[in-house]
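Me: Can you walk me through reading side-chain features in a model? I'd like the general idea each time, then the real case.

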Amino acid sequence: MLFRNALAFGFMICGATLQCFGAVEKVDFSRQILPVLSDNCFYCHGPDSGHRKAKLRLDDEKDAKKERDGEKVISSGKSAESLLIARSVTKDEDDLMPPPDSHKKLTTEQIALLKRWVDEGANWGEHWSFTPIKRPPLPQLNKSSSTNPIDAFVVERLARENLKPSPQADKTTLIRRVTLDLTGLPPTPEEVEAFLNDTSKNAYEKVVDRLLASNAYGERMAWDWMEVARYADSNGYQGDAERTMWPWRDWVVKAFNGNMPYDKFTVAQLAGDLLPNATIENKLATAFLRNHPINGEGGRIAEESRVDYVMDMTETTGTAWLGLTFNCT
């Protein structure tokens, strides 16, 4: 089930996509290089032919690496022979890239990162949302040093940084942390006392199970989804009048507390009303698509409003499920 494995899933992404654990990894194109090129280079050397200069595209691997007049902008494995690096560090303002009048400037760290990337082979990539998530190999550590696979990654990284794990927190701190994490609320004095008096080996596990079974767990987990779905109890714009969206909010809370599988969670919110023999709950889920601001300005053209709302729905759906924003398209 997706929701209760969210923590492990997050660490899996961290290890596979962000490469924050494990041995020192090569520079990641989509995470580290693409943002630098996009922010500093694509305006003049990107997909827009209207702004493109020198007939050079740095958003296209083939074009960026091809030879021009005996030279290469990016020479894989050879930063010293790459114009990308040379033009980034030159003292000649006529050759410097980005040009001074662009009001953009690469930092020392960014230049070093680009140089390292080129020397490592200038491996290309694609936007992170198109890259399949892969489970990273588990570090080989002394079994006594960890009790959970996630701990193995943490201990390995600490060792790489010449750090030692902190001692285990006391029970009062543990129950405060886990209660805030899973419910967004502090534990009651009675709950703290019960945990302190429980001397069984699985006392902590019992606290976690109790919190996962509480209604407050779903309420806490729903916070982040409500942010993504641009939830609001009012319409926005002029009068910002109230509207009845809380039934959808409660549907989300119920979905988390019921550990609804992610695929059903998705289908219900995008097309619950189109399911065979759709129930009231199925139809309620589609209120995700109605979370957008609603403009009640007098004299507003209905078709104008409809287009605005459809664009908002599309943008939010792309952001929530595809890891892509659609504003520029």
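This is a predicted model: local features need pLDDT of at least 70, side-chain atom pairs count only at pLDDT 80 or more; totals for chains, interfaces and linings use all residues.

Reply: Residues are numbered from 1 along each chain as its sequence is written, and side-chain values use heavy atoms, with hydrogens and water left out.

Me: Is Gln 269 buried or exposed?

Reply: Buried means under 20% relative accessible area, exposed over 50%, partly exposed in between (1.4 Å probe, protein chains only). Gln 269 has 0% relative accessibility, so buried it is.

Me: What does the side chain of Gln 269 make a polar contact with?

Reply: A polar contact is a pair of N or O atoms within 3.5 Å; within protein, one must be able to donate a hydrogen and the other to accept it, and residues adjacent in sequence count only if both atoms are side-chain atoms. Here the partner is the side chain of Trp 225, at 2.9 Å. The Gln 269 side chain also reaches the backbone oxygen of Phe 265 at 3.1 Å.

Me: How many aromatic pairs are there in the whole structure?

Reply: Rings of Phe, Tyr and Trp (its six-membered ring) pair if their centres lie within 6.5 Å; planes under 30 degrees apart are stacked, over 60 edge-to-face, the rest tilted. The search finds ten. In one of them, Trp 225 and Phe 265 have ring centres 5.2 Å apart and planes at 65°, so that pair is edge-to-face.
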